[in-house]
Each structure stands twice: as structure tokens, then as C-alpha cells.
Amino acid sequence: MERRNFFLSTLSLLSAGTVAAMAAAPAALHALSPLLKRAKNNHDWHDLGPVEDLTADQPLKKTIEVVRKDGWQLRRQDQAVYLIPGAGGPVAVSSICPHLGCPVSYSAESAQFECPCHKSFWGPDGKRTSGPSPRDLDPLPTKVEEGRLYCRWVTYQTGIETPVEA
Amino acid sequence: MGGWLEERTGLPSALRRWCERPIPGGARWSYSLGAALLALLLVQVTTGIALSLSYSPSADTAHSSVQFIMEEAFLGQFIRSLHYHGTNFTVTFLILTAVRLVIARAYRKPREIQWLVAFALGMLVLATAITGYVLPWDQYGYWGTQVRTSIMGSGPVVGPRLKTFVLGGNELGNLTLTRFYTAHALLLPALFAVLLPVYFRLAARHGVPTPKGGAEPVVPYWPFQAARDNSFALLVLAALFGVALLFPARLGEVADPQVTYPARPEWYFLWLFQTLKYFKGPLEVVGTVVIPHAVAVVVALLPFLDRGESWSGLGRRAVLGILALIVCGWASLSALALWEDLKSGHFAELALWEATPDEGWDVEGCYKQKCAKCHGRDGAGYLDSTPDFTLPEYWKGARSDVRLIKAILKGIPNENIPEDERMPAFEKELTPGQAKAMVVWKLRPFGEASEKE
């Protein structure tokens with residue numbers, strides 16, 4: 001009798017455990033799946049216009065349309081890009097604050113980039129001057145083809161000292 | 001540890017009482033139907049939560065988000081199949097459990113309230129099932145819900161207002177989806193979660209009813225009945241997983257208010273579909289409202305019909321008679337509905353809807369040989385009456401695959417067009433799968449190619 005009870009108790013516990021696992025596992029794995037998949041940045045090149053029109057003595061704001069696979073739909077989203085005058089032509093930087101991802105804008109009056117959320121500031125060259133941002137404004141890849149400037153949109157991880165693609 | 005928890009919650013002793021509660025007449029497999037039902041409901045809850053992570057209830061996004069779940073989300077197809085087949089399993093075990101409880105006289109004094117709570121739980125399960133069908137926003141769910149809510153609207157006195165309330169307006173649309181989603185995933189499960197502990201509380205209070213054969217031998221629930229309950233629940237879940245793997249749930253074409261779909265209710269409501277055929281005109285309300293509600297009321301009131309001690313008394317015989325009438329009526333009406341659908345070609349029509357493109361078939365060759373003469377190699381069409389497949393406008397709006405499949409198989413017998421220019425029927429030469437392949441791989445690309453330019 002003792003042995004039979006032990007067998008039935010073990011069977012009960014094992015079956016109940018398996019039932020619970022069968023109910024929980026598919027849903028849990030599904031919920032955790034975004035962690036297993038690396039988000040892909042869109043590698044399209046965006047035409048910003050002829051290079052000579054983009055060379056100014058202060059940062060120039062341009063808007064590009066980024067197409068992103070967003071779950072069940074392709075979403076078009078406008079993103080601001082700043083072109084900073086450089087020795088070898090304009091350099092493109094992202095308008096996303098490296099601190100916590102708020103949109104950064106350039107103020108011609110104070111001649112600096114500023115983030116409205118936590119008051120980070122960068123000079124007109126995109127170098128960090130003050131505030132909580134851990135790094136300079138993030139660079140975006142560019143190329144020149146037949147006299148036109150193209151850039152790619154990249155999303156970076158926020159809050160760390162070196163720019164790493166998200 | 002046990003003492004610490006006991007002093008603060010009383011849970012260990014409650015668990016011990018639950019495990020030691022006596023099972024009069026010994027452990028039985030039939031008692032395990034309820035355990036299987038509970039395990040199935042647990043799977044419905046977890047898969048439902050998983051689906052809700054990627055589902056978007058609006059007329060524009062519902063279908064594509066379900067498609068995303070099935071084609072792209074990790075384990076999405078399997079989880080949706082579990083949820084879909086889980087509904088059928090759940091309703092099956094709900095019916096079996098109800099029949100067992102009636103046969104075991106589990107409704108008798110002092111268990112009347114427990115019976116009513118169980119009845120309410122069963123109704124909540126059915127309501128949750130029904131509100132789920134419209135969510136994928138495919139033809140099946142759309143038209144099924146259209147018919148059901150129209151039945152509601154034709155009801156007496158409050159009918160039309162009830163329909164407006166349920167739809168969130170006068171027509172099926174965004175507000176219908178958000179309402180049904182809220183009911184399906186929030187309101188009804190919440191009510192269920194409130195009532196289930198009440199049921200368990202009453203079950204613990206009244207214990208297991210003594211079976212007909214008498215109370216001897218009495219065994220404790222743990223481990224004798226628990227071993228049966230848990231292993232049976234495991235077997236049922238294993239069967240559900242097998243079915244979900246072998247028969248993946250499908251997603252129909254996106255809901256199209258312009259293209260009527262041969263809607264049929266789920267198998268457990270097929271008997272009502274058949275009943276509806278017998279009550280025409282002003283009597284329709286008898287089939288749609290009176291009969292289903294009468295059945296529900298009779299089932300709810302069973303405890304008050306059979307009140308004596310005797311297992312062969314008048315009340316007991318009346319209850320068994322009613323049970324037999326309901327089961328036979330349900331089975332024969334459902335069988336009649338299936339038989340009439342079989343005779344009227346409903347399943348042939350359904351085959352057009354469920355056709356999958358025939359892969360090993362020469363679409364190009366067939367188009368060149370049979371279609372290009374009138375429709376042209378480029379799909380633009382030579383005759384005044386042929387449609388221009390290359391126009392993006394042609395494909396805009398409601399341009400269902402089935403409408404084109406039907407045109408291919410049945411032809412378009414338009415009297416206003418000279419006979420030699422009419423679209424002929426290719427029913428004898430092509431299968432629905434081949435017609436579907438023609439639409440998906442040949443005709444649609446004509447429109448897509450010109451859209452890109």
C-alpha cells in the first residue's frame with residue numbers, strides 16, 4: 001500500500017508539473033523571443049541633395065523618411081539629420097540624444113545643440129559640452145555619389161560612452 | 001517553515017484538507033473530466049495572453065497582425081493553433097462534464113447554488129468562445145458575427161438596441177473589434193476568475209456527491225483521485241498539442257463586406273442554424289430566442305426538478321428525460337444541418353474559399369493557352385468587356401480571390417455581351433486549387449507589376 005501511494009503521488013506530481021509546463025512554455029518562449037532576435041537597422045541610403053547646397057557655416061537640419069518593419073506593417077517615419085560643416089565636407093549626425101533618446105535640436109541663437117529633456121548641450125561641431133549625455137552626437141554613415149550626398153539612418157544604444165548600433 | 005506560513009495564511013492546512021477530502025465510492029476516471037477542462041482553460045489563458053502580445057484590434061490591422069503572428073512571430077502559428085483547437089476541446093469537455101454532473105445528480109440539495117455557479121461558468125466559456133471568432137477579421141469570423149448580431153437585432157423589444165450595443169454602432173467595424181476584444185480578453189475572463197474560486201469554495205464545502213452505488217469504499221483525494229485527474233489532464237493536453245501540430249489553424253481571406261461568405265456557426269451551435277430553418281417570418285423569434293433560452297433555463301433549473309432522495313423517482317426520471325431530449329435534439333439537428341449542407345453543395349462552395357494554390361501546375365502554360373486569347377499576354381485585355389488586370393484600380397477595394405476563382409470556374413453569363421466574348425466556365429478543366437494559383441500567381445502580379453512602375 002505504501003509503495004502504491006508513493007507511485008500515485010509521484011505520478012500526480014509529475015503529470016501536474018508537465019501540464020503546467022505545457023501551458024506555460026509556448027507562451028513564455030513567444031514572449032521572450034524578441035530577446036533572441038537582433039533588431040535590424042534599415043540600410044537604405046537617403047538622398048540629401050547636391051553637396052554644394054549642403055555646405056553652410058552652421059549645422060543644417062534635413063529630414064529623411066525611414067521605412068521600418070514594425071510588427072505587421074511597414075512604417076514610414078520622418079527622422080531629423082543634422083549636417084555639420086567639416087574639413088572634408090558635411091558630416092551627418094543623428095538627432096537622437098545619446099543620453100535617453102529624446103530629440104536634439106540646434107539653436108542658432110546660442111550656437112549649440114540642446115536636448116530639451118535633461119539639458120545636455122553640444123557645440124556646433126557636435127562635441128559634448130555639458131549635461132548628462134555620455135558622448136558626442138552620434139555619427140551617421142554618408143557617401144557622395146555624382147555630386148549628391150547620401151546618408152544612412154542608424155539607431156544607437158543610449159546611455160553608454162561609445163556609440164553601438166542598437 | 002510550515003508553521004510560519006500556517007500561522008500567517010492557513011494555506012498548508014487548507015491544502016491538507018483539500019488533499020485529504022474523502023471521495024465516496026472510490027476514485028473514478030469520469031471524475032477527471034473536470035480536471036481536463038481546467039487544464040484546457042489554463043492553456044486558453046496562456047496562449048490567449050501570448051496572442052494578445054502581437055494582436056491589434058482594428059479593422060485595418062486585425063487581419064495583418066494575425067497573419068504576422070502566424071507567419072513571423074516565434075511559435076506564433078503553433079500558439080494560435082493551440083488556442084483555436086483548444087476552444088473546440090474546451091467546449092467538448094464542457095459538454096461532457098455537464099452530462100456527467102447531471103448523471104451523477106451533482107445538482108441536488110444542498111448543491112443548488114454550486115450547480116448555478118457551474119452553469120454560469122459554462123455560459124462564460126461559451127460567450128468567450130463566441131466573442132473570439134470575429135477577432136482575426138477574416139471572412140469566416142466577420143460573416144458569422146454578422147449573422148449572430150443580426151439574430152440579436154431581430155429579437156423582440158430590446159433586440160435592435162442590444163445589437164447596437166454589442167456592435168458599438170450600426171455596423172461591424174473598428175468599434176466592434178475593440179468591444180469583442182475587451183469582452184473576449186478582459187471582461188469575460190475577469191468574471192470567470194471571480195466565479196471560479198466561488199465554485200471551488202462550494203465544492204470544498206459540499207464534497208463529492210455520493211454515487212449511486214453507495215459511499216463505500218471512501219478514499220482520500222490524494223493520491224488516488226489526484227493521480228487520475230492529473231494524468232488524464234496530461235493525456236488531453238498531449239492530444240491537443242498533437243492536433244495543433246498536425247492541423248495548423250488557418251486564416252481566411254480578410255473580411256470583405258462586399259463578398260458574402262457561406263457563414264455557418266461553430267459545430268456546437270449548428271443545431272440552432274438548423275432550428276432557424278423551421279421558423280419563418282414572425283415565428284423566427286421562436287428559433288432564435290425562445291428555444292435556446294428555454295434550453296438554458298431548463299438546464300439551470302434542473303436542481304429544482306429533481307428533489308427526492310430516490311434514484312428512480314419521478315423527478316430523477318424527468319431530468320434524465322430532459323437530458324436525453326437535449327442530447328438527441330442537439331445531435332439530430334446538427335446531423336441534419338450537415339446533411340443538408342452536403343446535399344446543397346455548401347462544402348463545394350467552401351472548397352473555393354479554402355483552396356490553396358496548386359503548386360505543381362503550369363500556370364503560365366495554361367494562361368497562354370486558355371486566357372491570353374481574350375485577356376492578352378500582358379493582362380490588359382483585347383475586348384471591350386475584358387477587365388484590365390494591369391490597372392492598379394482594378395485591384396483596389398474589394399477584389400476577393402474567391403470572386404475571381406468563381407468567375408474562372410463558373411464563367412460570367414452576362415446576356416449583354418455577345419456569346420463568343422463571354423467569360424466561359426472552366427469548371428470541367430480546372431480544380432479550385434488551380435484557379436486559385438491562376439489568381440495568386442498570374443493575375444495579381446499583373447496589377448503589382450504596374451503599381452511598381
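**Cores, helices and sheets in chains A and B**

Visitor: B:R105, buried or exposed?

Guide: B:R105 is buried, at a relative accessible area of 2%. Buried is under 20%, exposed is over 50%, and partly exposed is in between, with a 1.4 Å probe and protein chains only.

Visitor: Where does B:R105 lie?

Guide: In the loop between α5 and α6 of chain B. Helices (H or I, at least four residues) and strands (E, at least two) are DSSP runs, numbered from the N terminus. Phi of B:R105 is near 55 degrees, a positive value in a residue other than glycine.

Visitor: What kind of model is this, and how are things numbered?

Guide: This is a predicted model, where local features need pLDDT of at least 70 and side-chain atom pairs count only at pLDDT 80 or more, while totals for chains, interfaces and linings use all residues. Residues are numbered from 1 along each chain as its sequence is written, chains are lettered from A and ligands numbered from 1 in the order written, and side-chain values use heavy atoms, leaving out hydrogens and water.

Visitor: New topic. How many residues are in the largest nonpolar core?

Guide: It has 39 residues. B:L40, B:F93 and B:L240 are among those with the most contacts inside it. A nonpolar core is a set of buried Ala, Val, Leu, Ile, Met, Phe, Trp, Tyr and Cys residues joined through side-chain atoms within 4.5 Å.

Visitor: Which elements give two or more residues to this core?

Guide: From chain A, α1 (2–36). From chain B, α3 (33–52), α5 (76–103), α6 (112–132), α9 (174–206), α10 (221–246) and α11 (270–278).

Visitor: What does B:L240 touch?

Guide: B:L40, B:V43, B:L82, B:H85, B:G86 and B:F89, leaving aside residues up to four places away in sequence. Contact means heavy atoms within 4.5 Å.

Visitor: How do α1(A) and α3(B) cross?

Guide: At roughly 5 degrees, with their axes coming within 8 Å. Axes are lines fitted to C-alpha atoms, for helices over the stretch in contact, and angles run from 0 to 180 degrees between N-to-C directions. The two helices are therefore roughly parallel. Under 35 degrees counts as roughly parallel, over 145 as roughly antiparallel, 65 to 115 as roughly perpendicular, and the rest as oblique.

Visitor: Which residues make the contact?

Guide: A:V19, A:A23, A:A27 and A:H30 from α1(A). B:A39, B:L42, B:V43, B:T46 and B:A50 from α3(B).

Visitor: Now the sheets. What is the order of the 3 strands in chain A?

Guide: β1-β10-β9, an open sheet with antiparallel pairing. Two strands pair if DSSP finds at least two bridges between them. β1 (45–50) and β9 stand at the edges with a single partner strand each, so one side of each has no neighbour in the sheet.

Visitor: How many bridges join β1(A) to β10(A)?

Guide: 5, and the strands run antiparallel. A:G49 stands opposite A:L149 in β10(A). β9 (142–145) and β10 (148–152) of chain A pair over 4 bridges, and A:T142 stands opposite A:C151.

Visitor: What about the hairpin of β9(A) and β10(A)?

Guide: There are 2 residues between the strands, and A:E146 takes a positive phi near 50 degrees.
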